[in-house]
Amino acid sequence: MAALSISRRSFLAAGGVLVVGLGLDGVGRAPAQTVAGADRFLGKSLAPDAVDSFLAVHADGSVTLFVGKVDIGTGGRIAMRQIVGEELDVPLERIAMIEGDTALTPNQGATAGSYGIARGGTQLRQAAATARQALLAQAAQRLGRPAGDLQIVDGVVRAKDGTGAVTYGELIGDRAFNLKVDGGAPLKAPQSFRFIGKSLPRPDLPAKVTGRHRYLHDLTLPDMLHARVIRPPALGATLVSVDESSVAAIGGARVVRIQNFLAVVAEREWDAVRAARALQSKWTAGTGLPDSTKEFDSMRASRVVRDQEIAKRGDLSALSAPAPGMRALAASYRWPVQTHGSIGPSCGVADVRADRATVWSSSQNTHGFQATCARFLGLERDRVRVIYLDGAGSYGPNGADDAAAEAALLSKALGKPVRVQWTRQEEHGLDPKGPAQLLELRAAVDADGEVAAWETQAWLPIATANLPNIPLLSLDAAGIPQTPGRSTGLIYQNVDPPYTMPNVNAVVHWIPDAPLRTSAIRAPGKVANTFAVESFVDEVAALARVHPVDSVSAASPIRAASRFCDG
Amino acid sequence: MAKLALRVNGGNREIESADPDVPLLYVLRNDLGLTGTHFGCGLAQCGACTVLVGGRAVRSCVTSARSVAGQDVVTIEGLGSPDRPDPLQAAFIAEQAAQCGYCTAGMVMTARALLARTRRPSEQQVRQALAGNLCRCGSHARVIRAVLRAASAPPGGR
């Protein structure tokens, strides 16, 4: 770690502080997401097990959090403050938060799978509890009293009998804790919670509602060029020729071509838009899209890589040989590809120099993307800094990584900071898609209305193990090697019914291909599977002549399982 | 270079553009630094870029800056500030009516135009007025509550 820190410091010394267009807003207040002067923390610990990686307590008693999980619009920005404010006993308005900055925040993994609070928050909580324990011990020494005689109120450690007090700022003010996170540091008892469990207003909303919140899309850098990428007219099309004279009339517009990666840049954004529209380019016909009307037939007929048994219990013979009086039911559910469809098309900004790079992205996985950028830029990982800024909401990996990678490629080629703004057409057409899912369900219902047997079969595209990044459009176009593969998210979840049924078979047939790039899309428990299973429960209940809601109550044919209670 | 004289948020502004047909959105964001107005589609389909022109809600991505010269343009920044939100913005904050917030400025401006012409709209009228403002996160129910909250506030609050 020491070597890493030194190299990070020299990186800073070489780079100095980059002035970006994210300063104070018109009323002199820092936007909630960004922390003015955040770069003063450069060189701090990033170790996953160090208290200093997660938080700093300043001389004035305020606290800065360093959080690897980012707030994509779902409230992590207040929730993380609640968690730490609780354990440290610090009012939430004294807590600032830096998110998803590879130079400042520890790698807590991607913000995904609804694990932001459950995993990221609990790491932060334990770090805060460790800090509290240390501050209490220091205060005991300072005040000459046993810790048991002290209490903490709003960042001040006081003797319960009122004979002495010392503030967090006086105890630690801006110095490092130099402590490992202690898994045994006591956590606050739920009955004494002040902040956790309350629905508190999000700190970013006043700026968002008044147009002062600075999104990634609003970031500008000195000498920054605006870029638009020119896409092939069909999948698999390659670039034959470009007529650069077609944009000559647009002052300052330039064409950049790296093999099949084609873009226009201009100092003014509207000129880049005009140049993108005016540029004449010839492409091969390409392969185009597969026939969407045959998509599910193809999935059904596909080679299966392997079967995964999700649930198998009891006697399934009623499915193939129903006893007299039993009724059989079957249905198939087709879930087409879904675009993430973020309301603001993806944007990326990059400043790539010979020996280092800074990339601003709304990526849900800045640390993972840092490694990807380092690979394709040919830099050491610690020479690349990826900084999260809010984009329009994302629900899994959308075009954010692509746009940022395109900005980085162009910045490297041009030697200037570059901002890439995707169009609506690009976001809808080219973002990695939530994959198509095909489910076939069967059930046998006996004369009493009980489900005698249930079967779910799902045909789902398989994810590539340990895929470092969803393959990026621009790297393929520019002929830069990358790991091929597919990301699909936790699409196997909830193919089995969450109800008490004695005889169940739920199996996923993993198939190797999908027609478009895929990625995880909200929600992790998979809307498609739950839709199929619950719709089929309704069908079964109709057959058994019971109301579907009653049917999952304790006294009815399909009994609510204890699974949700038992975990 | 075409010179354009605009009146934005009560102030006179002059900008230059190589293209006389530059959309208002790009002038607001890039020339005037009013980045609260957002690019969502460029096709007048999503509402993220909505501003007021002469009190009417207009899609700035398909409105040329030239066409609004001499008229009063109001952007989200022209209503209130984080410390002093206008009553409609305050209602959005009270209802926590945003997730990512990218569509929110357009929602507020569209609702502002609605409330200017219909002081106490029904829920149906609010839904109708905001039908062309898309949100992908799922803030709709809170947005409708926020507009109704602002509409039910006592008059005189502006």
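Okay, let's start with a helix: α4 of chain A, residues 116-143, lies across β1 and β2 of chain A and runs at about 30° to β1(A). Helices here are DSSP runs of H or I with at least four residues, strands are runs of E with at least two, and both are numbered from the N terminus. For angles, axes are lines fitted to C-alpha atoms, for helices over the stretch in contact, and the values run from 0 to 180 degrees between N-to-C directions.

Quick housekeeping. This is a predicted model, where local features need pLDDT of at least 70 and side-chain atom pairs count only at pLDDT 80 or more, while totals for chains, interfaces and linings use all residues. Residues are numbered from 1 along each chain as its sequence is written, and chains are lettered from A and ligands numbered from 1 in the order in which they are written.

β1 and β2 belong to an open sheet of three strands in chain A, in the order β1-β2-β3, with mixed pairing; two strands pair if DSSP finds at least two bridges between them. At the edges are β1 (55-57) and β3 (95-99), each with a single partner strand, so one side of each has no neighbour in the sheet. The twist averages 15° from one strand to the next. β1(A) pairs with β2(A), residues 63-67, in the antiparallel sense over three bridges, and V57(A) has V63(A) as its bridge partner in β2(A). Helix α3 of chain A, residues 76-88, also packs on this sheet, touching β1, β2 and β3, with its direction at about 130° to that of β3(A). Contact, by the way, means C-beta atoms, placed from the backbone, within 7 Å.

Next sheet, also chain A. This one is open with five strands, ordered β12-β21-β19-β18-β13, again with mixed pairing. Inside, β19(A) (451-461) and β21(A) (504-511) pair in the parallel sense over eight bridges, with L460(A) opposite W510(A) in β21(A). Helix α14(A), residues 527-543, packs on this sheet and touches β13, β18 (437-445) and β19, making about 155° with the direction of β13(A).

Zooming out, chain A has 16 helices and 22 strands, and its C-alpha trace spans about 80 × 80 × 45 Å along its principal axes. Contacts between residues 24 or more positions apart make up 77% of those with a separation of 6 or more.

Now the interface: 36 residues of chain A are in contact with 40 residues of chain B. On the chain A side, α6 (205-209) and α7 (269-278) each supply at least two residues, and α6(A) gives the most, with five.

Last stop, chain B. The axes of α2(B) (87-94) and α3(B) (104-117) come within 10 Å and cross at roughly 130°. That makes the pair oblique; under 35 degrees counts as roughly parallel, over 145 as roughly antiparallel, 65 to 115 as roughly perpendicular, and the rest as oblique. From α2(B), L88(B), Q89(B) and F92(B) meet T104(B), V108(B), A111(B), R112(B) and L115(B) in α3(B).

How values were computed:
Contact = placed C-beta atoms within 7 Å.
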